[in-house]
Amino acid sequence: MTPQQIARFCLELPGAREDIKWGSNRVFSVAGNKMFAILDFLDSGHGALAFKVGPELFLGYVDRPGIRPAPYLARAFWISMQRPYPMGDAELREALIRSHQLVVARLPKRQRLGLVLETS
């Protein structure tokens with residue numbers, strides 16, 4: 001996936017919005033300010049990507065070549081990667097959906113309405 005495809009995909013997730021923060025970082029969030037993905041992480045300008053993963057998957061991801069703990073966000077189980085992304089398109093889409101849903105799951109019940117995706 002290209003950074004443009006990732007941005008388009010993130011914005012298709014329920015309740016997602018994009019803001020520019022910390023210079024030129026494209027931040028994708030739900031419920032106002034709850035981040036689930038960041039493009040051009042740390043102003044790399046090369047499509048660096050960071051997103052949240054579950055604690056049970058964190059160590060498995062960072063053991064893979066090309067994936068590392070996200071600076072400043074690793075304690076919240078965020079990973080980062082540079083282009084070319086070390087995940088295939090389908091795996092990356094699933095990881096972004098999972099990141100979105102991890103953030104949604106922590107919202108108050110009334111804010112979760114319409115944001116939870118059905119799993120098959």
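1. Let's start with Arg64 and Glu91, which pair up in a salt bridge, with their closest N and O atoms 2.6 Å apart. This one ties together distant parts of the chain: Arg64 sits in the loop between α2 (55–62) and β5 (67–69), while Glu91 belongs to helix α3 (residues 89–105), and the two are 27 residues apart. Keep in mind that we're looking at a predicted model.

2. How exposed are the two partners? Arg64 is partly exposed, with a relative accessible area of 26%, and Glu91 is partly exposed too, at 32%.

3. How many salt bridges turn up in a search of the whole structure? The answer is three. As background, side chains of opposite charge can pair when their charged atoms come close.

4. Next on the list is Glu18 with Arg26, where the closest N and O atoms of the salt bridge are 2.5 Å apart. Glu18 has a relative accessible area of 27%, so it goes down as partly exposed. Arg26 comes out at 23% relative accessibility and is also partly exposed.

5. Then there's Asp19, whose side chain meets that of Arg17 in a salt bridge at 2.9 Å, N to O. Is Asp19 buried or exposed? Asp19 counts as buried, because its relative accessibility is 18% and the cut-off for buried is under 20%.

Conventions
Residues numbered from 1 in each chain as written. Predicted model: local features only at pLDDT ≥ 70, side-chain atom pairs only at ≥ 80, totals over all residues. Heavy atoms only, no water. Salt bridge = Lys/Arg side-chain N within 4 Å of Asp/Glu carboxyl O. Buried < 20%, exposed > 50% of the residue type's maximum accessible area, 1.4 Å probe, protein only. Helix = DSSP H or I, 4+ residues; strand = E, 2+ residues; numbered from the N terminus.
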